Amino acid sequence: MKYILSYTLLILFLKTSFSQEVNNYQSEEKEEKFNYISFGWSNPISLTRSILIDDLNEKLGFYLDYSLDIEDNKLVKIHIKTSPFYATQKLTLGNFLASIDYVKLITLKDKYTLGHGAGTYFRCNVYRSQPVAGLQTFWSSDFFGIGLQYHFFLDYELKDDLWINILTHLNLGLHQTYDNTINNGIEAQEIWRFKTANQQLISIGIKKKF
């Protein structure tokens, strides 16, 4: 009987120890998964061109990224960028674009991290008029588009868990547009065309790990 009791206690002890090791291993696995947030200037090239070329009317743009580790050197990233401005009593989020990408790191060396990814995007312009007493304020949008995009990035480490983030986006999709031809005072109907939505050839910002 004492042998049976001894074996039972030994099995329970080994099972408990094994469970603790598994739980510790899983905890370590969870601790190795990180989140990243990036924020910065989304359109330095196109904004500079709009200053030099009168026909262009580009506004200052910003981008915000959220990335999550899913496995070694692979991430999922949610990316948002827009050019917000306020004019004629209307808030406009110009060139608003949201995308979700699958990202892979392809180089890790010293202070540099190089990676690339691909995904899908949705874009539009968003408007909101100033509230007026007695009238309901509405949100509206136009110039919609959907498509595929590819991007690559280079991060330079400033200090632990903080980098300079340089991004390049290339995309192509089906976009709503309008013919400039006017017939009898009435604008021609909308047209959907394949085109790029790229006010973001180069983006520069700061990336933080947490």
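Ser83, setting aside its neighbours within four places in sequence, is in contact (heavy atoms within 4.5 Å) with Asn43, Glu58, Lys59, Leu60, Gly61, Thr92, Leu93, Gly94 and Asn95. The structure is a predicted model, in which local features need pLDDT of at least 70 and side-chain atom pairs count only at pLDDT 80 or more, while totals for chains, interfaces and linings use all residues. Residues are numbered from 1 along each chain as its sequence is written, and side-chain values use heavy atoms, with hydrogens and water left out.

Ser83 lies in strand E3 (residues 74-87), where strands (E, at least two residues) and helices (H or I, at least four) are DSSP runs numbered from the N terminus. Ser83 counts as buried because its relative accessibility is 4%; buried means under 20% relative accessible area, exposed over 50%, and partly exposed in between, with a 1.4 Å probe and protein chains only. The side chain of Ser83 also reaches the backbone oxygen of Lys59 at 3.4 Å.

Helix H2 (residues 44-52) has the buried residues Pro44, Ser46, Leu47 and Ser50, and strand E1 (35-41) is included in what covers them.

The largest nonpolar core is made up of eight residues, namely Tyr36, Tyr63, Leu75, Val103, Leu105, Phe153, Trp163 and Leu167. Such a core is a set of buried Ala, Val, Leu, Ile, Met, Phe, Trp, Tyr and Cys residues joined through side-chain atoms within 4.5 Å. Strands E4 (90-109) and E7 (162-178) each supply at least two residues of this core. Phe153, not counting residues up to four places away in sequence, touches Val103, Leu105 and Leu167, among others including Thr113, His116 and Lys207.

| Strand paired with E7 | Sense | Bridges |
|---|---|---|
| E6 (residues 139-159) | antiparallel | 14 bridges |
| E11 (residues 203-209) | antiparallel | six bridges |
| E10 (residues 190-195) | antiparallel | six bridges |

Particular residues can be followed across these pairings. Tyr156 stands opposite Ile164 in E7, and the hairpin of E6 and E7 has two residues between the strands, with Asp161 taking a positive phi near 65°. Leu167, which belongs to the largest nonpolar core, has Ser203 as its bridge partner in E11, whereas His175 has Arg193 as its bridge partner in E10.

Technical notes. A polar contact is a pair of N or O atoms within 3.5 Å; within protein, one must be able to donate a hydrogen and the other to accept it, and residues adjacent in sequence count only if both atoms are side-chain atoms. Two strands pair if DSSP finds at least two bridges between them.
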